[in-house]
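I opened the model today to look up a few things in turn, and I am writing down what I found as I went.

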Amino acid sequence: MFVVGMTGLRLIFWTILLVLAILQNANSYGVQPLSRIGVHKATFALDNRAYVKASPDVLGLNGQNTEWVTVEYSSQNPSIDDWIGVFSPANFSASTCLAENPRVTPPLLCSAPIKYQYANYSSPDYKDTGKGSLKLLLINQRSDFSFALFSSGLLNPKLVALSNTVSFTNPNAPVYPRLAQGKEWNEMTVTWTSGYGIDEAEPFVQWGPKGEHRQHSPAVTLTFGRNSMCARTVGWRDPGYIHTSFLKELWPNRVYTYKLGHRLFNSTYIWSQEYQFKASPFPGQNSLQHVVIFGDMGKDEADGSNEYNNFQRGSLNTTNQLIKDLNNIDIVFHIGDICYANGYLSQWDQFTAQIEPIASAVPYMLASGNHERDWPGTGSFYENMDSGGECGVLAETMFFVPAENRAKFWYSTDYGMFRFCIADTEHDWREGTEQYKFIEHCLASVDRQKQPWLIFLAHRVLGYSSGISYAIEGSFAEPMARESLQKLWQKYKVDISIYGHVHNYERTCPIYENRCTDYEKHYYKGTPKGTIHVVAGGGGASLSTFTTLKTNWSLYRDYDYGFVKLTAFDHSNLLFEYKKSSDGKVYDTFRISRDYRDILACTVDSCPSTTLAS
């Protein structure tokens with residue numbers, strides 16, 4: 001008889017938990033759905049009796065950049081594995097791409113589709129009748145579209161029929177503006193995408209106070225080629241041109257209107273629609289200020305296409321709740337894992353289109369996550385392949401952040417009574433590093449009399465989390481994180497640290513060195529005794545489970561999609577709210593009330609050590 005001792009039982013128990021954690025992470029973070037398509041295995045099986053028809057074939061006649069298209073199709077040999085792929089550019093055949101090796105013939109498909117859906121999705125009798133139709137939502141992505149019917153499933157697709165071409169009236173038009181705080185408090189940046197290079201047109205923003213004279217501010221233009229990526233994948237698609245204009249010397253809290261423009265060299269102008277934003281308050285300004293924070297939202301498809309089915313189900317809910325409450329939001333922080341493109345570049349266009357109603361009206365600030373940056377041998381702190389070969393190129397180009405070097409995605413920004421210190425967890429943050437010095441300077445340099453609310457933001461959990469993977473590691477956070485940073489949080493009296501990465505919501509007590517420093521749950525007043533740590537990674541990506549272990553520092557957990565909202569009423573009163581994306585209602589909340597003298601007061605390890613001699 002084989003007898004397992006207590007040590008062996010413990011080993012088996014922890015091994016099982018580790019396997020469960022790995023499986024949970026795989027389910028939680030998912031696989032980029034477009035990667036399931038065997039692009040290089042695609043073959044011709046064209047059937048003259050089959051067809052695909054798309055209508056209308058001209059989109060955007062009224063100036064819109066999104067439009068629904070009806071796709072009708074028929075097959076003589078229908079199957080439940082048949083699917084419709086949406087391709088852009090419309091010509092995706094081997095004639096449009098070069099072989100990786102001159103001795104190898106290019107594949108039938110040069111790139112993956114931008115989305116796909118099964119042929120029986122809205123036509124359940126397709127397998128019997130061979131006829132079906134879909135309604136798909138297209139956005140302006142600088143090129144035309146075609147729709148292809150494939151048989152034999154995703155892994156070994158066979159091209160059966162190809163549709164007519166569909167295109168927007170001006171595919172090169174400026175689209176999807178996203179605002180960001182500039183390096184100065186009274187500066188706003190506007191970034192957008194177009195199909196016009198600097199040898200074709202001059203990009204600019206026409207802007208001014210609402211109802212008053214407008215001025216033109218030129219824009220810088222960036223783009224990148226396939227060789228800029230750290231991996232050459234079938235997800236490549238021309239990114240177009242990314243323009244950024246700097247609107248300076250804004251009056252605080254004033255409403256400005258703006259339009260994106262391109263002056264062609266034949267002296268004609270291409271315009272976007274008109275947008276508006278409210279300029280930021282000056283640092284320390286005593287006014288009502290609302291901040292929304294979340295991580296890991298990703299993107300989803302309103303037409304239900306399989307491209308992100310069962311992967312980021314909460315993304316549209318979060319987006320829609322923010323749009324509904326936009327009049328009560330001043331600035332948004334999306335703290336990493338932005339759209340989970342993972343090397344499929346078309347997804348960045350679709351993400352910027354999804355958030356346009358938000359990002360065109362309020363600053364949309366980013367932190368870098370593993371799905372934006374990580375790739376082996378590229379200097380990322382974690383040597384994994386989570387970015388799909390993007391290695392930061394897309395996030396650093398598609399969005400502006402006021403960092404000294406966008407390849408080092410850490411920065412600070414002031415908004416009224418708030419100071420935000422945004423870390424880049426995909427680069428080394430340990431004591432002695434360049435980023436550690438930045439973090440300390442950001443925390444130490446704020447004037448707490450003017451800006452009492454000090455917030456630390458990062459993607460990976462550097463503080464506390466009951467997520468099962470962290471619990472299995474035994475660290476309940478990134479290993480070495482608290483050892484490196486908790487003395488800074490305590491010394492400079494950081495109010496709240498907020499993270500993503502773990503796809504759920506959790507809030508701790510005020511805590512220092514693994515101990516609650518205040519056992520109150522909903523109302524904190526007087527001298528801050530420790531930092532409250534929050535995981536707000538439920539923006540949209542598939543949810544992460546909690547460990548069953550009970551910790552004395554975890555006050556509230558929620559296995560659901562949601563986001564955090566901070567409201568500063570004045571220099572003495574801050575409201576924290578956690579809202580669910582499904583209904584926008586508040587499910588967890590606390591308040592902080594205190595005066596400047598409370599911040600000056602000493603608590604454990606928050607003031608220099610003194611001796612009788614001193």
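These are my entries, in the order in which I took up the topics.

**Ground rules.** I am working with a predicted model, where local features need pLDDT of at least 70 and side-chain atom pairs count only at pLDDT 80 or more, while totals for chains, interfaces and linings use all residues. Residues are numbered from 1 along each chain as its sequence is written, and side-chain values use heavy atoms, with hydrogens and water left out.

**Nonpolar cores.** I began with the nonpolar cores, each a set of buried Ala, Val, Leu, Ile, Met, Phe, Trp, Tyr and Cys residues joined through side-chain atoms within 4.5 Å; here buried means under 20% relative accessible area, exposed means over 50%, and partly exposed lies in between, with a 1.4 Å probe and protein chains only. The largest core has 68 residues, and the members touching the most others are Phe-333, Tyr-364, Phe-420, Ile-498 and Leu-566. Helix H4 (residues 346-359) gives the largest share of this core, 5 residues; I note that helices (H or I, at least four residues) and strands (E, at least two) are DSSP runs numbered from the N terminus. Another core, of 27 residues, lies apart from it, and its members include Leu-454 and Tyr-470.

I then followed Phe-420, counting as a contact any heavy atoms within 4.5 Å. Beyond its neighbours within four places in sequence, Phe-420 is in contact with several residues, among them Val-291, Phe-333, Cys-442 and Leu-457.

**Salt bridges.** A salt bridge here is a side-chain nitrogen of Lys or Arg within 4 Å of a carboxyl oxygen of Asp or Glu, and by this rule I have 28 of them. One joins Glu-301 to Lys-115, with the closest N and O atoms 2.9 Å apart. Because Glu-301 sits in the loop between strand S18 (289-294) and helix H3 (315-324), and Lys-115 in strand S6 (residues 115-118), this pair ties together parts that are 186 residues apart in sequence. Glu-301 and Lys-115 are both buried, and they belong to a network of salt bridges that also takes in Lys-299 and Asp-303.

Asp-349 and Arg-142 form another salt bridge, at 2.8 Å from N to O. Asp-349 is in helix H4 and Arg-142 is in the loop between strand S7 (131-139) and strand S8 (146-151), so I asked: how many residues apart are they? The pair is 207 residues apart and links distant parts of the chain. Asp-349 and Arg-142 are both buried.

**Helix H9.** I next asked why helix H9 (residues 481-491) can be called largely enclosed by the rest of the structure. The reason is that 8 of its 11 residues are buried, including Leu-485, Leu-488 and Trp-489. Among the elements covering the buried residues of H9 are helix H7 (434-444), strand S23 (453-458) and strand S28 (531-536). Met-480, in the loop between helix H8 (468-473) and H9, has a positive phi of about 75 degrees although it is not a glycine, and with a relative accessible area of 42% it is partly exposed. After H9 comes Lys-493, whose phi is also positive, near 55 degrees.

**Backbone details.** I looked for cis peptide bonds and noted one between Ser-55 and Pro-56, with omega about -5 degrees, and one from Ser-88 to Pro-89, with omega near 5 degrees. Pro-56 is in the loop between strand S2 (51-55) and strand S3 (58-59), whereas Pro-89 is in the loop between strand S5 (83-87) and S6.

**An annotated stretch.** The unreviewed UniProt entry carries the annotation "domain: Purple acid phosphatase C-terminal" for residues 530-589, given in the numbering used here with a shortened feature name, and such annotations may be inferred rather than shown by experiment. Over residues 530-589 I read 0% helix and 50% strand, with the end C-alpha atoms 18 Å apart.
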